[in-house]
Amino acid sequence: MTRKNFILSFLWIFLFTLVLTSCGTKKQRVALPADFKGPKELSRLYGVRITPDDNIFLYNEGAKWLGTPHRMGGSTKRGVDCSGFVAIVFREVYRKQLARSSADMLKYNCKKVSRSKLQEGDLVFFRTGSGKKKVPNHVGIYLKNGKFIHTSTSKGVMVSSLSEPYYTRTWITGGRVK
């Protein structure tokens with residue numbers, strides 16, 4: 001057998017083996033957590049229609065926190081502040097570590113995005129009090145249709161609309177996590 005024939009035979013056997021092994025692959029199943037809510041239940045909770053195009057893991061993780069009370073510096077279901085909530089959701093859903101304050105999230109973790117270009121999972125930043133005008137002290141996660149999830153000091157983790165006068169007045173910018 002010549003060297004050329006040997007190489008061609010080897011390549012033929014290799015390709016044949018590759019084709020046979022790739023044909024037998026099975027579709028991998030994703031194991032859903034026991035507390036996973038379906039699209040209908042999530043749509044009801046959020047007041048928006050959840051479709052297959054949406055990140056259902058984001059909506060499900062947020063739903064686990066709805067109603068959790070506000071606690072400055074908190075990061076548990078007993079109490080959480082806005083940046084703690086956002087950091088936890090991003091770690092769980094996107095496997096990304098974010099800064100712990102809203103100002104640092106914008107400064108170190110995000111590229112600024114206008115309100116009209118917001119996408120699901122973008123952060124929304126507000127200045128809700130005194131201090132430097134363009135330095136945020138409140139953050140939430142944009143969902144869709146002008147809605148975002150965040151931690152309110154009075155109502156805990158909840159869904160609000162960007163079109164509410166309070167959030168229109170205190171808006172700083174959107175942020176796309178790098």
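The paragraphs below go from fold to surface to core.

This is a predicted model, in which local features need pLDDT of at least 70, side-chain atom pairs count only at pLDDT 80 or more, and totals for chains, interfaces and linings use all residues. Residues are numbered from 1 along each chain as its sequence is written, and side-chain values use heavy atoms, with hydrogens and water left out.

The protein chain has 6 helices and 8 strands. Helices (H or I, at least four residues) and strands (E, at least two) are DSSP runs, numbered from the N terminus. Their order along the sequence is α-α-α-β-β-α-α-β-β-β-β-β-α-β. Contact means heavy atoms within 4.5 Å. Of the contacts with a separation of 6 or more, 50% join residues 24 or more positions apart.

The protein chain has 178 residues, and 42% of them count as buried. Buried means under 20% relative accessible area (1.4 Å probe, protein chains only). C82 is buried at 9% relative accessibility, and C110 is buried at 7%.

Now the cores. A nonpolar core is a set of buried Ala, Val, Leu, Ile, Met, Phe, Trp, Tyr and Cys residues joined through side-chain atoms within 4.5 Å. The largest has 33 residues. Y46, F85, V86, M105, L123, F125 and I141 have the most contacts inside it. Elements giving two or more residues include α2 (39–46), α5 (102–109) and β8 (171–177). The top contributor is α4, with 8 residues.

Look at F85. Beyond its neighbours within four places in sequence, its contacts include W65, I141 and V157. A second, separate core has 9 residues, among them V113, F148, L162 and W171.

How values were computed:
Buried < 20%, exposed > 50% of the residue type's maximum accessible area, 1.4 Å probe, protein only.
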